[in-house]
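Visitor: I would like to learn how to read a protein model feature by feature. Where do we begin?

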Amino acid sequence: MTSWKEFFENIKEKDYSKSLRLFLDEEYQKHIIYPPRHLMFNAFNQTPLNEVKVVIVGQDPYHEPGQAMGMSFSVPDGIEVPPSLINIYKEINNEFGYEMNYQSGDLTYLAKQGVLLLNAVLSVRAHQALSHNINEYRLFLNDVLSLLNKLDQPVVFMLWGNSARKLKLQLNNPKHLVLESVHPSPLSANRGGWFGNNHFKMANEYLINNGVSPINWKNN
């Protein structure tokens, strides 16, 4: 399988896929759901399968108005940058000495470089975190990770927080690097284990050592 289009074509007749479509049809009709439906697969549209270098796994989309844009941790310009993303920027700043732009939370610049900003759950009801944490999404994520795990190219997985770290069991390709740490949310990060994890530097070193151009993590 060489493209996300092929992947989605391949799974569309699976039971979980049909069930998920029906669930989403009803949810989008009856409730306020984020992100807007046309942005649900934004991460896949922005980062072609054959260009994936880094995978950052988030939990579920932001659930307040205007925040979710279909890519983990990312918010559109003009929206206040969430605390977890501030801590991601701080760590990038610590590792490289970059002066990050803390006013912009749009991570499209990373997606365009091969960073797949993947959420484990792709939708959420307004103001209700994890409200779409259903089995269909778990099965979908399994299929996505199974495909990523088979990629022949060097890929770095960044698994932050307990739920993301559990996904390590599905990743065993020797050509890939798996990095784990606590979640960048203030609650976790301030207890230790986030700042100084050096994930962004280690990812770039791994890519360079495997003949792949590194990610420019600077956002301005």
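Guide: Begin with contact, which means heavy atoms within 4.5 Å. By that rule L179 touches V156, F157, M158, L159, H199, M202 and A203, not counting residues up to four places away in sequence.

Visitor: What kind of model is this, and how are residues numbered?

Guide: This is a predicted model: local features need pLDDT of at least 70, side-chain atom pairs count only at pLDDT 80 or more, and totals for chains, interfaces and linings use all residues. Residues are numbered from 1 along each chain as its sequence is written, and side-chain values use heavy atoms, with hydrogens and water left out.

Visitor: Which strand holds L179, and is L179 buried or exposed?

Guide: Two terms come before the answer. Helices (H or I, at least four residues) and strands (E, at least two) are DSSP runs, numbered from the N terminus. Buried means under 20% relative accessible area, exposed over 50%, and partly exposed in between (1.4 Å probe, protein chains only). L179 lies in strand β6, residues 176-181. Its relative accessible area is 7%, so L179 is buried. L179 and V55 are 124 residues apart in sequence, yet 10 Å apart in space, C-alpha to C-alpha.

Visitor: H176 is in strand β6 too. What does the side chain of H176 reach?

Guide: The H176 side chain reaches the backbone oxygen of L151 at 2.9 Å. It also reaches the backbone oxygen of Q153, at 3.1 Å. H176 has 10% relative accessibility, so it counts as buried. Residues that H176 touches include L148, P154, V155, F157 and Y206.

Visitor: How do I read a strand such as β2, and what does it pair with?

Guide: Look at bridges. Two strands pair if DSSP finds at least two bridges between them. Five bridges join β2 to β3 (residues 115-119), and these strands run parallel. Four bridges join β2 to β5, also running parallel.

Visitor: Why is β2 called largely enclosed?

Guide: Five of the five residues of β2 (residues 54-58) are buried, so the rest of the structure largely encloses this strand. V54, I56 and G58 point one way, while V55 and V57 point the other way.

Visitor: Now helices. How do I check the length of α4?

Guide: The expected span of a helix is 1.5 Å times one less than its number of residues. Helix α4 (residues 83-96) has 14 residues, so it should span 20 Å; its end C-alpha atoms are 20 Å apart, which agrees. G97 follows α4, with a positive phi near 75°.

Visitor: Which residues of α4 are buried, and what covers them?

Guide: An α-helix has 3.6 residues a turn, so residues three or four places apart point the same way. In α4 the buried residues are S84, L85, N87, I88, Y89, E91, I92 and E95. Their cover includes α5 (108-111), β5 (155-160), α8 (186-189) and α9 (199-209).

Visitor: Which backbone angles should I flag?

Guide: Most residues other than glycine have a negative phi, and most peptide bonds are trans. Here a cis peptide bond joins Y34 and P35, with omega about -5°. P35 lies in the loop between β1 (33-34) and α3 (42-46). H127 is not a glycine, yet its phi is positive, about 65°. It sits in the loop between β4 (124-125) and α6 (135-150). H127 counts as exposed, at 53% relative accessibility. N198 is not a glycine either, and its positive phi is about 60°. N198 lies in the loop between α8 and α9, and is partly exposed at 32%.

Visitor: How do I judge the whole chain?

Guide: With 220 residues, a compact globule would have a radius near 17 Å; the chain has 17 Å, which agrees. The chain comes to nine helices and six strands. Buried residues make up 50% of its 220 residues.

Methods
Rg over C-alpha atoms; globule rule 2.2 N^0.38 Å. Polar contact = N/O pair within 3.5 Å; in protein donor to acceptor, adjacent residues only side chain to side chain.
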